[in-house]
Amino acid sequence: MKKLPTLQYVIAMAIYGTAGIVSRFLSLPAGLIVLSRGLIGILCMLVFIFLILRRKPNWQVIKKNILWLILAGFSLGGNWICLFTSYNVMNVSLGTLFNYLAPVMMIFISPILFKERLTPLKVICALVALFGMVMVSGVIGGEGTISLTGLLIGLGSAICYVGIVVFNKFLREVDPFDKTLIVLAAASSVMLPYALITTDFASIVWDPMMIVYILILGIVHTGIAYIFYLGPMPFMSTQSIAILSYVEPVLSILLSFLVLHEELSYIAWIGAILMLGATIISEIRFKKADNVIKTDF
């Protein structure tokens, strides 16, 4: 694996990991937040493409990849809808846990779809990271119950997460800015009816800081982050994408402790360490021939 795509993907996960801190200061309905992120992200991409890069989107390449771009965008919108809906039908920890079943799913489908070699190290690291996520979520302590509706919605969020990665792997020669523009546009088309149905617009009271936080989420955590997120996927193995996805919840957990001063149990701390350790170890290549350990970072 090349170092640059891996670094870009880690940067994206790190940016996503800070989104929770910003979102904590917003008292807006979830549907409106995610729709705003999508629309501002689209505007951000248009500014980058037309004003900074001074060019037009490469429609010829986009047309060749339009099916996969739209499917990736629909998957992104579906993931947002299922994830935030799951928070309403089960507790947040369980909703998050279901969402992060996706990396494990990706590990096991990669040999079938992309003919990637499934190494024992990747499998072990994926399972260890998932177990760490279970510990962090509070499920081991018996928190939360799952209804059939919650189960289906939670699995839906994970399947849509997998879809984002899988459909991106089929893209060819699409510029990261163009890719982000089309994917966010498709995701926003899915999010629009969801936001209209679930949001009471008349009850919303806007203030200047709320607008600032929305802009940060839209520009930094959507527009910029998705360039780093979507751009390197075609150049990375599905298994590496899966394991590195756990950088986001680990950083989010640490920041909630350091910045928001949220308490973490010793079980949660052990879980976070397991997730981080599995993520790092999974990206280390062991070369027995010369007894040298090399990493992709």
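K115 is exposed, because its relative accessible area of 70% lies over the 50% cut-off for that class. The structure is a predicted model, and in this model K115 is found in the loop between α7 and α8, the latter spanning residues 120-137. The backbone of K115 has a positive phi of about 55°, although K115 is not a glycine.

A positive phi is also found at E173, where the value is near 65° in a residue other than glycine. E173 lies in the loop between α9 and α10, with α10 covering residues 176-198, and E173 is exposed, with a relative accessible area of 74%. The table sets out these two loop residues.

| Residue | Phi | Loop | Relative accessible area |
|---|---|---|---|
| K115 | about 55° | between α7 and α8 | 70% |

With regard to F25, S75 is 50 residues away in sequence, and the C-alpha to C-alpha separation of the two in space is 27 Å.

On the surface, a nonpolar patch is formed by W206, M209, I211, V212, L215, I216, I219 and V220, which together have about 640 Å² of accessible area. One of these residues, I211, is placed in helix α11, which comprises residues 208-230. The relative accessibility of I211 is 42%, so I211 counts as partly exposed, a class that lies between the 20% and 50% cut-offs.

Two packed helices are described by the angle between their axes and by the distance between those axes. Helix α7 (residues 102-113) and helix α9 (residues 148-169) pack at an angle of about 45°, and their axes are 9 Å apart. The two helices α7 and α9 are therefore oblique to each other, and α7 passes α9 in a right-handed crossing.

How are α13 and α14 oriented to each other? The axes of helix α13 (residues 247-258) and helix α14 (residues 266-282) come within 9 Å and cross at roughly 140°. Because an angle must be over 145 degrees to count as roughly antiparallel, α13 and α14 are classed as oblique to each other. The crossing of α13 and α14 is left-handed.

How values were computed. Residues are numbered from 1 along each chain as its sequence is written. This is a predicted model: local features need pLDDT of at least 70, side-chain atom pairs count only at pLDDT 80 or more; totals for chains, interfaces and linings use all residues. Side-chain values use heavy atoms; hydrogens and water are left out. Patches are made of residues with over 30% relative accessible area and no salt bridge: like charges are joined within 9 Å, nonpolar side chains (Val, Leu, Ile, Met, Phe, Trp, Tyr) within 5 Å. Accessible areas come from the Shrake-Rupley method with a 1.4 Å probe; for residues, only the protein chains shown count as cover. A salt bridge is a side-chain nitrogen of Lys or Arg within 4 Å of a carboxyl oxygen of Asp or Glu. Helices (H or I, at least four residues) and strands (E, at least two) are DSSP runs, numbered from the N terminus. Buried means under 20% relative accessible area, exposed over 50%, partly exposed in between (1.4 Å probe, protein chains only). Axes are lines fitted to C-alpha atoms, for helices over the stretch in contact, and angles run from 0 to 180 degrees between N-to-C directions. Angles under 35 degrees count as roughly parallel, over 145 as roughly antiparallel, 65 to 115 as roughly perpendicular and the rest as oblique. A crossing is left-handed if the near helix is turned anticlockwise from the far one by less than a right angle, and right-handed if clockwise.
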